[in-house]
Amino acid sequence: MRLVILDDYNLASEWAAKYICNRIIQFEPKQGRYFTLGLPTGSTPLGCYKKLIEYHKNGHLSFKYVKTFNMDEYVGLPRNHPESYHSYMWNNFFKHIDIDPNNAHILDGNARDLQAECDAFEKKIEEAGGIDLFVGGIGPDGHIAFNEPGSSLASRTRLKTLAMDTILANAKYFDGDLSKVPTMALTVGVGTVMDAKEVMILITGAHKAFALYKAIEEGVNHMWTVSAFQQHPRTIFVCDEDATLELRVKTVKYFKGLMHVHNKLVDPLYSMKEEN
Amino acid sequence: MMPSNKSVSDAPIVQFTNCQILRNHQLQREDLWVREGKILNPEKLFFDEKGSADIQLDCKNSIIAPGFIDVQINGGFGVDFSLATEDIKSGISLVSQKILSHGVTSFCPTLVTSPPSVYHQVLPQISIRNGGPHGAGILGVHLEGPFISQEKKGAHPEHHLRTFESGAFQDLLATYGHLGCVRIVTLAPEMKRSSEVIQELTRRGICVSLGHSVANLSQAEEAVQQGATFITHLFNAMLPFHHRDPGIVGLLTSDQIPAGRRVFYGMISDGIHTNPAALRIAHRAHPKGLVLVTDAIAGMGLAPGKHTLGQQVIEVYGMNTYIAGTKTLSGSVATMDSCVRHFLEATGCTVEMALEAASLHPAQLLGIEQQKGTLNYDNDADFLLLDDSLHVQATYISGVQVWPQDTFAL
């Protein structure tokens, strides 16, 4: 794996956004050749989305030939509920960029047949040629998407019941009222994300430090599902200092020492603008 | 531009960008989307229809507000709505077209106290109609008088004042002749049998307003309990506030208002009808009830001089409008947008409140806020582009730019 450590949240968000930007542009997407991106929700990626929007508004990056697949969506929450992941993606990303609505895929948590909806989602990913870069986060309990502790590391897109840790973590979005937090969600599986050509996990904040430690310094374990990515050939973890607080000093020093190599991935930052 | 693939409608979708829109009582950095004359929900368009904009217009950081609604305007540009002519339609059309540049997208032509013959001739000629490039929409007529107090007649002609004490509602009906297009009636509630009249008007969906009256607070509260919901030009033509009997002004803080109802009050904020301190007192006492009105007369929009207001002759000096040869104020020559600006400056209120006093509140008064007065999704796309000092740059009705009448204003 690459472990990219930046000083703070803003720098981590910016590094991640630059990386995504460069990957899309270097891919040279065009009609019939779409770059497929897997996308997360939550508070961690907000800074990254803001930077991507900035690159778009400055004319450097277009999402015209990008297809997106979101990781998850709550079950039973109306699509236009302010806390649904559809609302999140619209307000924090889609409404600011030029993506074709036909290319923005999010699981429908109100589908009549939820498993059929999940199967159809897997099919759409397959038809799009697989995911080029899957961006994700990590829960305080080490989960990726809603693959709660105990999820099979070979799992596919399916319905999951949320763990108490997750419900508690999400309560802040529902006025602190536990009874209002959805208890089930549709989520891509660990296996689904493992199929991506490349995976980037964003981890910021001290409250995620223990999960990061479990994910990269301990063994592959279905109780900390992000640990599965130790077995993926191309994974990048992008963190801030605070997220590394539970790691061994040796690990942190090693990867910090590699920053000059990591930074070559984001510098120069490419642009879709015609240069004079 | 994205190839659009909309399942609900093929009508073009316009996205107004780079603007601040008034929504949920706040100016927000959001785009405004319009389709088929209504405000469109872009999130629904994106997810449900997989649609996108056909046209994007850069508003150069303008403020977008709902179109203004003027519920008390007696005429303008030489037209007097209370004058009995054969051709009231073209007079109304002229005014409705001219006020577009003031940001007014809907209005209630107002008739002052007149003899029955005038009502019988004029009212059948006025019809409620939608606005468009031809002019602002007509929501219905505001009849101010003749059932008002002799002591507070203001500029209304004394010999045409009437009572309804013998026949109550039948007297009113006989006087006006035709109520089909009537939206608001201003009357003095202390008059005998007013309760019956107020009840019947309210039952018919006509808004009852209290004005030109010497009512005390209990009489005013009784009227509100019978259905009255508006006060015509607060402070003017009523008893002044008194600390042991606040009169009609006391309705602003009365605890006798039926639950779930709100009393609205018109204010002419032209800098002349009301001292700014009085404007502030009213605004602070009951901000959500304040409705800006112009009470404009025929001289509005014209050079100073002599004009008519129904049966009276009015003299205009600058912004001051008096009955000829007197110091009695009668109407104004203010425009709605200047009233909004003056209100903002005099009260120090937020831009949002100033804009809502001219749009949301009159819409709520008339019970039409599901169609007009806001930029909520599915409402009529009647809106204004304004600069930071609230000067109107462009006026839209049903999503079409109606003023200025040429290409996109910006």
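**Exercise 1.** Which residues lie nearest the centre of the second largest pocket, and how many residues line that pocket?

*Solution.* This is a predicted model in which local features need pLDDT of at least 70 and side-chain atom pairs count only at pLDDT 80 or more, while totals for chains, interfaces and linings use all residues. Residues are numbered from 1 along each chain as its sequence is written, chains are lettered from A in the order in which they are written, and side-chain values use heavy atoms, with hydrogens and water left out.

Step 1: the lining of the second largest pocket has 35 residues, and A:Thr41, A:Gly42, A:Ser43, A:Asn170 and A:Tyr173 are the ones nearest its centre. Lining residues have an atom within 4 Å of a point of the pocket, which is an open set on a 1 Å grid, where a 1.4 Å probe fits, with protein on both sides within 12 Å along at least five of seven lines.

Step 2: the space in this pocket comes to about 680 Å³, a volume being the space filled by probe spheres set on the points.

**Exercise 2.** Is B:His273 buried or exposed, and which residues does B:His273 touch?

*Solution.* Step 1: UniProt, in an unreviewed entry, lists B:His273 and B:Leu329 among the positions of the feature "binding site", an annotation that may be inferred rather than shown by experiment.

Step 2: B:His273 has a relative accessible area of 11% and is therefore buried, since buried means under 20%, exposed over 50% and partly exposed in between (1.4 Å probe, protein chains only).

Step 3: not counting residues up to four places away in sequence, B:His273 touches B:Asn236, B:Ile268, B:Leu329, B:Gly331 and B:Ser332, where contact means heavy atoms within 4.5 Å.

Step 4: B:Leu329, by comparison, counts as partly exposed at 26% relative accessibility.
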